[in-house]
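Please look over the sequence and the structure shown here before reading on.

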Amino acid sequence: MSTSLGDFEKMILFALYRLGSDAYGVTIRGEIKDRTGREVSIGSVYTALHRMEKRGLVTARMGESTPERGGRRKKYYRITPVGAEVLSASYEALRRMADGVALDLLTYPEASDV
Amino acid sequence: MSDATQHPSSVFLPRIPRLGALLLRLRFRGEGGEALIGDLLEEYHHLVTADGESVRARSWFRRQVFASLMARSGRTGDHLNGRLQAEAAGMSGSHGAPGSNRGFKLEDFRLDMIRATRVFRRSPLLAAVTIITLAIGIGANTLIFSIFSDIFIKPLPYRDSEQLVSVYRIEERVTGLDPSVERLANLYAVPYALYLDWQELGIHFDEIGAFSGTTLTLTGAGEPEQIRGMLATAGVFGALGVEPALGRRFLPEDDEIGADPAIILSYRSWQRRFGGDENVLSQSVSLGGVAYTVVGVMPQGFYFPSGREEFWVTFSDDGKSSDFRPGGYLQTIARLSPGISLPAAQSQMDGVAAHLGEAYPSESEHGVRLVPRHALTVTAGRGQVMLFLGAAGIVLLIACANIAGLLLVRTMERRRELAVRVALGASQGRIISQVMTESLFLSLTGGVVGFVAAIVGLKPFLAAIPGGLPRAAEITVDFKILLLAVGISLLTALLTGLIPALRSSRSAFDEAAALGSTTSTGGRRNSRTQAVLVTVQVALAFTLLTTTGLLARSYLRLTQVDLGFETDDLLVARVTLPDPYRATDEAQTRFFTEAIAEVRALPGVEGVAVSSQFPYVGGTYSPPAAIETPNGLYEVAIPRLSISPDFFQVMDLSILSGRGFTPDDNQDGPAVAVVNETLARRAWPDSTNPLGTSALGARIQIPGDTDPIWITVVGIAEDFRFWHEGPVWPLYFMPYTQDTVYFYTFVVRTGVDPSSLIGPLRDAISSLDRNLPVAPSLLVDRMRTTPALIGVRFGAIALGLLATIAGLLALMGIYGMLAFTISRQTREIGIRIALGARLQQIVQGVVVRGLRLAGIGLLAGLFLTLLVGSLLRSALFEVSPTDPVTLGAAALIILTATLFASLLPARRVTRIDPVETLRRE
């Protein structure tokens, strides 16, 4: 299985982890927006979740319905152990690459000027 | 929404657009589509309860539905940022094998397109300017091209129209006269007798018909009115192969002598005058005092030959039985038999002409020529359409050069972004296709706008063309034009995108190699390209400007031309007498003599005369005649004006030699003529005479009822012009009491404001006969509205518009280039200022650079103008294509405008703060 994850997939997996048992479309979108300021479409969240579900990185279960949802049930997602492992590995690789330079990037190009 | 505020307890749910919901379900089938919709509703509900107002919530909701639909499986993230990352990842994957990235990928194109729209969302002004520029260029070209193709390429609306020809008589062997008389004598019209011969002997014609334009007075239906139509034989409709919508067409029986007069109505006339009544057939219509029986109605859209005809009538018995051969008044239309080529038919008819020459002495000097009908119908508007076509093409080229310059600047500004993409593994092809996609996006958008504008503008544009274009009614907007617009847009994309794409891909690679340095590497090369683009624009704009200037000057010359008589205080009114008057010459002469007396009695009238032909009133007519010279008798076709004796005095034309006409020159006296100077000198040259002619006493022969009539020249009158254009025509006059026709133009010289006499003049003439239509007008008004003149004026105005657009575009180009150069050189200029350079010097440098480019452009434009000048010659009047005044003025306009266009960016220089500039670096 590929361990590569896109940025967006990483964001969703982190959101699942943070939200625990309350992770469904609305809260996942909210978490990403609160933390990164990025407004993402609910459709793209579902698309990514569906793909990761097939890869075994997340699992889903149907939850309760509410009136404001027009009687439609929620679909809760949870990160699987494999998902957690892949996320960890993927982030670690990125973190290692960034090691020692992340701060310098903020002041580029002056810092690297000869 | 109001439900939510009025009943807070209840849960208000927005109605998901049914199609949107269906698509969402389809799209996310098995991926939790229902849950997704539930999430959307839930969040919407939160937004409404939090905000208390739902406009924003609803807009959010719609955006979400749309964005969710757009989120494609196989790609991650929200629809823009995520994709770019995904793509960058894909690029790094192919980094090792650049060749594998070759070829067109739909997905790449889609991404480029999305990127292009985003780029221009960020700089809407740039996008708007480019799209409008291109819309003008593409719209103008679509418009002109569609007109061009419909007029010149589409077959005529007759059956197998490529088989249609017109047969003309040509004069091959008129000799012994001044060459220009010879040209005028080259008569093309055909006498009825000759048409009958051709019908009999032209074995390669399926059908041949003869026709002649006519204007007849319609009486018996309200106000008497002159309407325009055609005399036509059965062969005309047979050759055209068009069946009437109602009734029948003319049959060979209608051409026989003694047949009842028959009329076929145009569809428009049938609708307008008969209310589309199906019972119109076999009704009687009174035209020019003759009762015609309606036998048919042509279908809607049918026209022959010009579209202005309201009817077609059979020839009178006089016309059918005339065996007069020297002069002709007919045109012909013939259908070549299937499989017969034009040359084959021509050579057969040459043989016929030779036979006829043996049979009839008068035919021995004539030949015959077959001309394809299509060529005849469309030559009229060709020059003007070609002119517009050229101008529209130039505007599009300038627009392309302009946009190419803008895109070049843009790609230079984005060189770092492109360099990053190259560094991430994008191939040169990918960079080129990205930049090209941007210009494609712009061109297509501009194309759509331009196409819509062309559709909307087509009818008004056609209506604005004076005198109309031939076949204008057939011009429509159709699928073909859409294809054309798309084609032009794609071409534009190529023209505007290629240079920036190639340049930027190269410089992106250079840049990628030197990523991190603040100076650009491809800069010099790019600004050279930019300079070339600007030069091209100036050159093209200059060419268009001079063309416009030349046309404008032609128009001025035309309006100022001296006709040889004072035109300002002249009123004219053409009167055509109906049949009852035509019974005898006396009846006609009496009517006009009485009418002249009535008009002369009007207060304010200084003089009045009548003439059978007059400048700017109707066409000209050259009845058959022959002049007697020492070398023999020569048949000529030159206008003969039948006039009342006062004509020369009213027109203030001097009699140079001999005398004018007197009331004694009537039917009892000997037939006399006055010739104009030009005819006198050409027909009877005599260097021993002070006037250069021995015309006095010379003779002219015209056909009489039984024997030919000899007329003696008794005077030579001063020349006057018939039309603005061309040389002065040779012509001669006869007194209206000797040469009587049934139509005359009243020429009234007034001592007061001529327009105040229009009503009195009409009343005075129609007091003699209430059924006579009379419509006096000012001669100067007729001159102003003469098609040739309006044509030139319209051309000048339309071209002026295009030239203004072109000029503004070129200036935008110069301005943009200089502004960009300065913004790039801010640092350099800052240093120079810091080192003590004077501001004035720097500003001067910028302006000089602009003027230098304009100068080079002008030189190139001058060369171009000289090149196209020869093509322009036919459209000009008394103005040379290299008219120095026009060229100079155009150059001055461009240089002045350039000065301003360069001063604007130069002003920026003065705002540069050297300390700030250096610190920023």
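A residue is called buried under 20% relative accessible area, exposed over 50% and partly exposed in between, with a 1.4 Å probe and protein chains only. By that rule Phe743(B) is buried, because its relative accessible area is 14%. This is a predicted model, in which local features need pLDDT of at least 70 and side-chain atom pairs count only at pLDDT 80 or more, while totals for chains, interfaces and linings use all residues. Residues are numbered from 1 along each chain as its sequence is written, and side-chain values use heavy atoms, with hydrogens and water left out.

**Aromatic rings**

- The whole structure holds 25 aromatic pairs over all chains, where rings of Phe, Tyr and Trp (its six-membered ring) pair if their centres lie within 6.5 Å, and planes under 30 degrees apart count as stacked, over 60 as edge-to-face and the rest as tilted.
- Phe647(B) and Phe648(B) have ring centres 6.1 Å apart and planes at 75°, so the pair is edge-to-face; Phe647(B) is buried at 0% relative accessibility, and Phe648(B) is buried at 5%.
- Tyr742(B) and Phe743(B) are also edge-to-face, with centres 5.1 Å apart and planes at 85°, and Tyr742(B) is partly exposed at 31% relative accessibility.
- One aromatic cluster includes Phe565(B), Phe647(B), Phe648(B) and Phe733(B).

**Helix contact**

- Ile42(A), Gly43(A) and Tyr46(A) in α3(A) meet Ala35(B), Leu36(B), Asp39(B) and Leu40(B) in α3(B), contact meaning heavy atoms within 4.5 Å and helices being DSSP runs (H or I, at least four residues) numbered from the N terminus.

Terms used. Chains lettered and ligands numbered in written order. Helix = DSSP H or I, 4+ residues; strand = E, 2+ residues; numbered from the N terminus.
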